[in-house]
Amino acid sequence: MSKLPLAGKVALVTGASRGIGAAIATRFARDGARVVVNYASSAAEAEKVVAGIVAAGGQAVAVKANVGNPADIATMFDATIAAFGRLDILVNNAAIMQRLFLPDVTAETIDAHFNVNVRGYLLCCKRAAELMTDGGSIINVGSAISRMAYPGAVVYTATKGAVDLMTRVLAAELGPKGIRVNVLAPGSTRTDMNSEKSGKTKEEEVQEIAATALRRIGEADDIADAAALLAGDDARWITGAWLDASGGIRL
Ligand code: NAP
């Protein structure tokens, strides 16, 4: 039998209790990785992701950490090493998105978004790079929105633009250490962040489907499969890339 593509690797996926992160953690485990399932508050959901992985014969642990808090980030990486002894893959996925038109933008809402979506990503990249002594793959989950102009999303879009640019710089900086750094940019994907729960209307969904070449909303598994591509050795020559995983939104 051929070896699983991520056999022997350890992956940390932030924000893996729900949505895209949960799908990525599950897919990586299926590909043979041992996985850290990070979450901020949804302990039961995170444990459900872990239980699903273990039931399928994989290895995973859930680790609570708010990536907006630097002390929690340190604890999360310590827990990764304590559980599995190494780190090969980091997926910076945990992010927040609040719909904010300019009149509602405040210093507090800007800080809240940047602390998780940018500072959190960057501090995780820093610690991961220290731990990836045999090289590795860092996947920064961005968004197709950073190449659009979406009213009501100025703060969130700014954070995703920052993710795009810092990924390119880090790809250049960490390449000599054998660490690849790429952006995975989902389009509209069916999760809590992108649903009626977050204020999304049926009309908007219809518009997004019409604006997407493949004529549907993405599913978390669509993004997880693209993440598996970037994580594994088949992507060994890919760094500094911005991988569109949107089904061709607004081409
Ligand atoms: P989601 O359904 O809202 O899930 C967010 C996940 O992140 C949850 O596991 C949540 O944990 C965790 N999280 C939130 N804040 C955190 C924090 N401070 N520290 C640690 N974990 C935290 O989001 P999603 O739609 O799966 O989005 C995942 C990524 O894809 C994000 O980077 C998002 O920007 C990007 N994206 C999504 C879409 C889309 O249409 N859904 C499109 C483009 C890009 P708890 O469960 O504990 O709260």
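**Figure 1. Ala226 in helix α7 of the predicted model.** With a relative accessible area of 14%, Ala226 is buried, because buried means under 20%. The residue sits in helix α7. Leaving aside residues up to four places away in sequence, Ala226 touches Leu184, Leu243 and Ala245. One of these, Ala245, is 19 residues from Ala226 in sequence, and the C-alpha atoms of the two are 7.0 Å apart in space.

Figure 2. The relative accessible area of Asn182 is 0%, so the residue counts as buried.

**Figure 3. Asn194 in the loop between β6 and α6.** Asn194 has a relative accessible area of 17% and is therefore buried, although its place is in a loop, the one between β6 and α6. Its side chain reaches the backbone oxygen of Thr189 at 3.0 Å. When residues up to four places away in sequence are left out, the residues that Asn194 touches are Ser188, Thr189, Lys200 and Glu208.

**Figure 4. The largest pocket and its lining.** The space in the largest pocket is about 1000 Å³. Its lining consists of 48 residues, and those that lie nearest the centre are Ala95, Met97, Tyr156, Thr191 and Met193. Two or more lining residues come from each of the elements α1 (19-30), β2 (34-39) and α5 (154-174). Helix α1 gives the most, with 3 residues. Sorted by class, the lining of the largest pocket holds 23 nonpolar residues, 19 polar residues and 6 charged residues.

**Figure 5. Residues around the ligand.** The ligand is surrounded by 33 residues, and Ser17, Ser41, Ser42, Tyr156 and Thr191 are the closest. A polar backbone atom of Gly15 lies 3.2 Å from an oxygen atom of the ligand. Arg18 places a polar side-chain atom 2.7 Å from an oxygen atom of the ligand. For Tyr121, an N or O atom in the side chain is 3.2 Å from an oxygen atom of the ligand. Tyr156 and Thr191, listed here among the closest residues to the ligand, are also among the residues nearest the centre of the largest pocket.

**Figure 6. Ala22 in helix α1.** Ala22 is part of helix α1, the element that gives the most residues to the lining of the largest pocket. The relative accessibility of Ala22 is 13%, so the residue counts as buried. Not counting residues up to four places away in sequence, Ala22 touches Gly15, Ala16, Ser17 and Val49. Among them, Gly15 has a polar backbone atom 3.2 Å from an oxygen atom of the ligand, and Ser17 is one of the closest residues to the ligand. Val181 is 159 residues from Ala22 in sequence, and the two C-alpha atoms are 21 Å apart in space.

**Figure 7. Arg215 and Arg250, two residues with positive phi.** Most residues other than glycine have a negative phi. Arg215 has a positive value, near 55°, and so does Arg250, with phi near 45°. Arg215 is in the loop between α6 (202-210) and α7 (220-231). Its relative accessibility is 54%, so Arg215 counts as exposed, the cut-off being over 50%. Arg250 is found in the segment after β7 (242-245). Because its relative accessible area is 47%, Arg250 is partly exposed.

**Figure 8. Pro103 in the loop between β4 and α4.** The loop that holds Pro103 runs between β4 (89-92) and α4 (107-131). Pro103 has a relative accessible area of 74% and is therefore exposed. Pro103 and Asp225 are 122 residues apart in sequence, and from C-alpha to C-alpha they are 38 Å apart in space.

Note on methods. Residues numbered from 1 in each chain as written. Predicted model: local features only at pLDDT ≥ 70, side-chain atom pairs only at ≥ 80, totals over all residues. Heavy atoms only, no water. 1 Å grid on protein atoms, 1.4 Å probe; cavity = no way out; pocket = protein on both sides within 12 Å on 5 of 7 lines; lining within 4 Å. Points joined across faces, edges and corners; volume = space filled by probe spheres on them. Helix = DSSP H or I, 4+ residues; strand = E, 2+ residues; numbered from the N terminus. Nonpolar A, V, L, I, M, F, W, Y, C, P; charged D, E, K, R; others polar. Buried < 20%, exposed > 50% of the residue type's maximum accessible area, 1.4 Å probe, protein only. Contact = heavy atoms within 4.5 Å. Near = heavy atom within 4 Å. Polar contact = N/O pair within 3.5 Å; in protein donor to acceptor, adjacent residues only side chain to side chain.
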